[in-house]
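Please keep the sequence and the structure in view while you read.

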Amino acid sequence: MIKEELRKIYKAQRKEISAQHKMKLDDLLLLEFQKFDYASVQTVLSYWPIQGQAEPDTHLFTRYLTHFLPEINLAYPVMNMVTMQMVAIRVDDTTAYQTNQWGITEPIGGMLIEPHKIDMILVPLLVCDKKGHRVGYGKGFYDRYLAQCREDTVKMGFSYFPAVEKISDTHQFDVPLTYCITPRQIYEF
């Protein structure tokens, strides 16, 4: 299937998940996330789940990392809708946030972290295929950003759904994931 069809299907399926079932799925994702060895991870780019999109609760993963690795550098993206680029901004307990007109919660101010300094990126998605290609929201922010990162940067996605066999309209600029965590399986690409 093509990305647009998959985007429509999985957005609808995700919104059908009840709040109680979503909490259970998020806990299962966290259990799978805890299986990784994070000893070499110093800087992580996460993202704030978009209200109303039923995205996995990435706050669970970042709280786990900051508890387990108190010295970790955590960053969140800031999107520029004019240039269609994003940057990573370092955050801490004192960071203030605002939600932009597209529903994306971003840090206000903070230190820029260059893409080559990031060890792991939590990448938003709706679903991925068995080669690590993902269906996001269709604007290409993450693919453009991931192309600037080191080759060994871990690109980790989270999905409530198993990987589909193949996304038929991938192109040369799509950057595949390293891992996709689902409630019942970790895909490694």
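Two strands are said to pair if DSSP finds at least two bridges between them, and the helices (H or I, at least four residues) and strands (E, at least two) are themselves DSSP runs, numbered from the N terminus. The model is a predicted one, in which local features need pLDDT of at least 70 and side-chain atom pairs count only at pLDDT 80 or more, while totals for chains, interfaces and linings use all residues. Residues are numbered from 1 along each chain as its sequence is written, and side-chain values use heavy atoms, with hydrogens and water left out.

**Strands**

Strand S2, which covers residues 73-80, pairs with strand S3, residues 85-91, in the antiparallel sense over seven bridges. Within this pairing, methionine 79 is found opposite methionine 86 in S3. The hairpin made by S2 and S3 has four residues between the strands, and in it methionine 84 adopts a positive phi near 60°. S3 also runs antiparallel to strand S6 (residues 112-113), to which two bridges join it, and here alanine 88 stands opposite isoleucine 113 in S6. In a regular strand, side chains alternate between the two faces of the sheet.

Which residues of helix H3 are buried? Taking buried to mean under 20% relative accessible area, exposed over 50%, and partly exposed in between (1.4 Å probe, protein chains only), the buried residues of H3, which spans residues 58-68, are Thr58, His59, Leu60, Phe61, Thr62, Tyr64 and Leu65. These buried residues pack against helix H2 (19-33), strand S1 (43-45), S2, strand S7 (120-123) and S10, where contact means heavy atoms within 4.5 Å.

The N-terminal end of H3 is capped by aspartate 57, which has a side-chain oxygen 3.0 Å from the backbone nitrogen of histidine 59. This is a polar contact, that is, a pair of N or O atoms within 3.5 Å; within protein, one must be able to donate a hydrogen and the other to accept it, and residues adjacent in sequence count only if both atoms are side-chain atoms. Threonine 58, which lies in H3, counts as buried because its relative accessible area is 0%. Its side chain reaches the backbone oxygen of tyrosine 47 at 2.5 Å, and, leaving aside neighbours within four places in sequence, threonine 58 is in contact with Ser46, Tyr47, Trp48 and Pro49.

**Two buried residues in loops**

Tyrosine 38 is placed in the loop between H2 and S1, and it counts as buried because its relative accessibility is 1%. A polar atom of the tyrosine 38 side chain lies 2.6 Å from the backbone oxygen of phenylalanine 33. When residues up to four places away in sequence are not counted, tyrosine 38 touches Phe33, Tyr64, Leu65, Leu69, Met120 and Met156.

Serine 159 sits in the loop between S10 and S11, and with a relative accessibility of 2% it too counts as buried. Its side chain has a polar atom 3.2 Å from the backbone oxygen of leucine 126, and a polar atom of that side chain also lies 3.1 Å from the backbone nitrogen of phenylalanine 161. Not counting residues up to four places away in sequence, serine 159 touches residues including Leu29, Val127 and Cys180.

**Salt bridges**

A salt bridge is a side-chain nitrogen of Lys or Arg within 4 Å of a carboxyl oxygen of Asp or Glu, and by this rule the count comes to seven. The table lists some of them.

| Lysine 3 | Aspartate 174 | 2.7 Å |

Glutamate 4 and arginine 7, by contrast, both lie in helix H1, three residues apart, about one turn of the helix, and arginine 7 counts as buried because its relative accessibility is 11%.

Arginine 150 is partly exposed, since its relative accessible area is 28%, whereas aspartate 152 counts as exposed at 53% relative accessibility. Asp119, Arg150 and Asp152 are linked in a network of salt bridges.
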